Amino acid sequence: MLYIFCPHCGSRSQNEFAYGGDATVKRPELNKEISDQEWNNFVYLRKSPRGKHLELWHHISGCRQWIKVERDTSTHEIFKTYKADELTE
Amino acid sequence: MSQDFRLDNIGMVNRNKKISFTFNGKKYFGYEGDTIASALIANGVHLVGRSFKYHRPRGFFGVGVDEPYAILQLERNNERDPNIRATEQEIFEGLEVKSVNCWPSVNFDIGAINNFLKMFFPAGFYYKTFMWPPSFWYKIYEPFIRMAAGFGEASIKHDKERYEHKYEYCDLLITGSGPSGLASAYAAAKNGARVILAEDKPRYGGSLLTSDVNVGNQTGAEWSEKIITELKSMSNVIVKNRSQVFGYYDHNMLVMSERISDHLPKTQKYLPKQRLWYIRAKEVLISSGSIERPLVFGNNDTPGVMLSSAAKEYIKVYGVLVGKKPLIFTNNDSGYETAIEFKKNGVNPLILDTRKEPSSDIITEAKNLGIEIKYSYVVVAAKGYKKVKSADIAKISDNKKDLSNIENIECDCICVSGFWTPSIHLASQSGNKSEFNEKIDAFIPKKSKQKENTIGSANGKFTLEETINEAFNKGYEVSNKITENNNKVSVPTVVEKKSTEHDKFWCVPLPKGKSYKRFLDFQNDVAVTDIELALREGFRSIEHVKRYTTLGMATDQGKTSNLNGLQLVSDIENKVVPQVGHTTFRPPYTPVSIGAIVGREVGKHSKPTRKSPMHEWHEKNNAVFVDAGVWLRPRYYKQGNETLFEASKREAKNVRKNVGVCDVTTLGKIDVKGPDAAEFLNRVYTNAWLKLPVGKARYGVMLREDGIVMDDGTTTRISENHYHMTTTTAQAANVLSHLEYYLQLVWPELNVNVVSTTEQWAGAAIAGPNSRALLMKLFPNTDVSNEALPFMGYKEADLFGIPAKIYRISFSGELAYEVNVESDYGNFMWEKIIEVGKEFQIQAYGTEALSTLRIEMGHVAGSELDGRTIPHDASLEGLVSKKKDFIGKRSLSRSAFTKPDREKIVGVVPLDKTTSIPEGSYIVKDPKAKLPNPKLGHVSASCWSVEYDNPFSLAIIKDGKNMIGQKLFAMSPLKNKTIPVEIVSSHYVDPEGKRVRA
């Protein structure tokens, strides 16, 4: 079970969190003309990289904040965690 | 009663406490501290089971977790506990155990015929035989194989035992209390680290209890006693025996199973049977020791053949002789220690050493004691069926290929030592890739992936001096990293007999003309010939060989068999062991009971039960409850002998005719507050929200980004910047996460906060033509007229001194209101409604009537908003704004969602007006069409319309809007029904919606 550092609460066990998917996806702006392909990419297409990946976790049984976690998908090593509005490196 | 094999002056069992137990119905006794194994051996019993495949007689091979054979079934209080290791289970008064895998008895086992049919059971036999004819599989082959194979029989009854979970954090977890575990724990604890020391056995000390060594001028046993006593007295140390750390997971999370009362007759009611510890450790020291390796020779599975270290432990710990004419067969000095123990206790052993001219302190000692030793000698085969009676021994040539001087000698046990295999399972589970160490012919951990170090013999260090020094240093070093303290304790001096290296010999060749079975894996009946066959058949990867032959599988996980198996594969393949590699070690290291994994989360405790504040009233009024997520909701209120159908019809009819009240507390409620709340709702919902006035409610639908409806509900503007959102019961948690996602990550510029208020409000829906009259009596000081409180209006009012909120919203399609009060007043509100409502013929109604009411009104719910429908499909397209953007809008213009014959919700009525249509039925044009019959859609919800007194269903079907008026068929292959139906509008009752506005 992962041990995730929540920037608001400190280190907590994985079972306090819900996984939220790829954190690098950016929602297209509202009211913007956008092609089917672009929209399709946003809604459905995700990379599944082996290695470093920036992902979202929701501290659902804690502070209820969404956080960003930089994690190695093959070793599970967590390099850094960020608040939702924090700029990632 | 005397025990023929019990020694008087040695051992650690409590001679003052006799304990009786039964094995296969026969009564035996042992002493407190005995295991089933030691007590049975003391009584001269060696036959305890039958093997997995060939049903060959099985005895004891080891003395702890290493035991592959002696697996028994424990029974007490009519409860069964399968797969108990006789070498681990301590006896208690009244214990009942029996053999498994034999019928009718362990002495006469019919399945043993397999032993004579072994040509039909080669490696992978289950892939080859029992294949034809295919129809035989279910009825004949499978039941037969199931009866013949497998070990214990699980209980099918509810397990009444108590199991617990515990979460613990520590600086340093040490797995095993042998010399390295004790030394490192002591060094680290003295340096201020918070230490957990886990020992699998009841007694601490590991090899120190059985080795003839001296530490700090004390015997090994005395020194370990001293250290453990001091550790137990320290507040920063947790010491646990009977506790197996069986799994090493990510981020230094280890799981340990503590056997709390497995060794006790059940006396204390609340004492758990086992406890599972989830331990998050900053650092881990793996000191799990090593397991002696067997030597491979003919019939080496005969009862009486066992590990030499086990024989030694039976003598030193339990005061039990495994035999009185022992033969020691060894390729290293460990066998000599066992021989010396036998000799010291009055038994004359014979040592067969595969080495030619070994010399060491311990060999000299054995010679001086007068022990007979034969060098360059091997056991060719054990003789005897249910117990070793003699052995064929032979001289082996220097190249270890040829046997000569074969002779038969009498013996009653054969103690084998093929050197030691480090227990690297935990290290391997942590991600540590092991490396092969040529010197010890075994794998040891290589480079840590997590914060762990392996020490002692688990790391291939087989001298005590080396082990103790390394452990003291590591304990200090690791604790210093965490505590930054510098308290170093002095390392005690160590005296042990020097030993020489082991012989690389491990498998005795077959003499000419003989075809003895030579077993590698004792638990799974895998012999040398099976591996040879697998390789002949082309299996190369060790992982494939494992699965094809079952080598190293099951509860044993190759503890004794792994390396000999690898050795054989590499010999045949002409490779070296490291090239062959080893199979992956997976948790659990030893079997863990399902009960311990589940813990207290059993039955109703598997999830929380949420009850509304009015729950007691429902109970008192004969409510029959239904699970709605984690909530308990009244399904109907039973009067007399009413069925569900009758009761729900009565309740629904009463709503249409008079007035009913329904507990709607479970609806999700979310407070949305902030200056940008309107803008936020406008982006979340498909319809327009910017112009909703204060004091008004609006129905809204929210989508996921893929255009699928996520949830629906009403949201009310309480004040300028405060909205009260309701969600469905099931989606409440998801909707809150969804809102938080957009507020925190996508539109952080919006100044809005959301918080769940589900549990803060108790809700009652009052519905029916009499509801306004009732409301006027409930709130005499508030104007609730149609003008003052119109449809979708909102008012705060006073309910006999309690502040209440009235929302004029309707799910039933009748004139209806939802009244909310703070949860603590829920019951008060409910009782007032019932009391005041009496004159209006009020009745409480449950979820079944609620469904009936909404279905015949064509209001959609979870069965239509099932994660596959877009607004159009549920006839909600009128709520989709064309002017503004919102979550999921772009998806709605994708071609599949705009097709003219897109699915749409319709009503379905059976032509005979009497046959109810099963939910999930298909709607088809021609019931006799060739299969697969093209389906137009499915029936999502069914009810008995109380308005028209006939069955009515909702269905979502292709081109629904153009199907109205058509005569089709509802087919339920599951219920074997075909019902002619007519498609009608989904708004079956009051299509203009006059009643809600009345």
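Two residues are in contact if their C-beta atoms, placed from the backbone, lie within 7 Å. The model shown is predicted.

**View 1. Contact between chain A and chain B.** Chain A supplies 19 residues to the contact and chain B supplies 20 residues. On the side of chain A that touches chain B, helix α1 (residues 36-43) of chain A gives the largest share, three residues. That side of chain A is made up of ten nonpolar, five polar and four charged residues.

**View 2. Leu352(B) in the largest nonpolar core.** This core has 156 residues, and Leu352(B) is one of those that touch the most other members, including also Leu172(B), Met306(B) and Ile414(B). Neighbours within four places in sequence aside, the contacts of Leu352(B) include Phe329(B), Lys374(B), Tyr377(B) and Ile393(B). Another core, of 104 residues, lies apart from this one and has Met702(B) and Leu865(B) among its residues.

**View 3. Arg50(B) in strand β3 of chain B.** Arg50(B) counts as buried because it has 25 C-beta neighbours inside 10 Å. Val526(B) is 476 residues away from Arg50(B) in sequence, and the C-alpha to C-alpha distance is 14 Å.

**View 4. Cis peptide bond between Pro587(B) and Pro588(B).** Omega is about 0 degrees. Pro588(B) sits in the loop between α15 (577-580) and α16 (594-598) of chain B.

**View 5. Positive phi at Asn217(B).** Asn217(B) is not a glycine, yet its phi is about 65 degrees. The loop between β10 (214-215) and β11 (218-219) of chain B holds Asn217(B). With 10 other C-beta atoms within 10 Å, Asn217(B) is exposed.

Methods:
Residues numbered from 1 in each chain as written. Chains lettered and ligands numbered in written order. Predicted model: local features only at pLDDT ≥ 70, side-chain atom pairs only at ≥ 80, totals over all residues. Core = buried A, V, L, I, M, F, W, Y, C linked by C-beta atoms within 7 Å. Buried ≥ 20, exposed ≤ 12 C-beta atoms within 10 Å, placed from the backbone. Helix = DSSP H or I, 4+ residues; strand = E, 2+ residues; numbered from the N terminus. Nonpolar A, V, L, I, M, F, W, Y, C, P; charged D, E, K, R; others polar.
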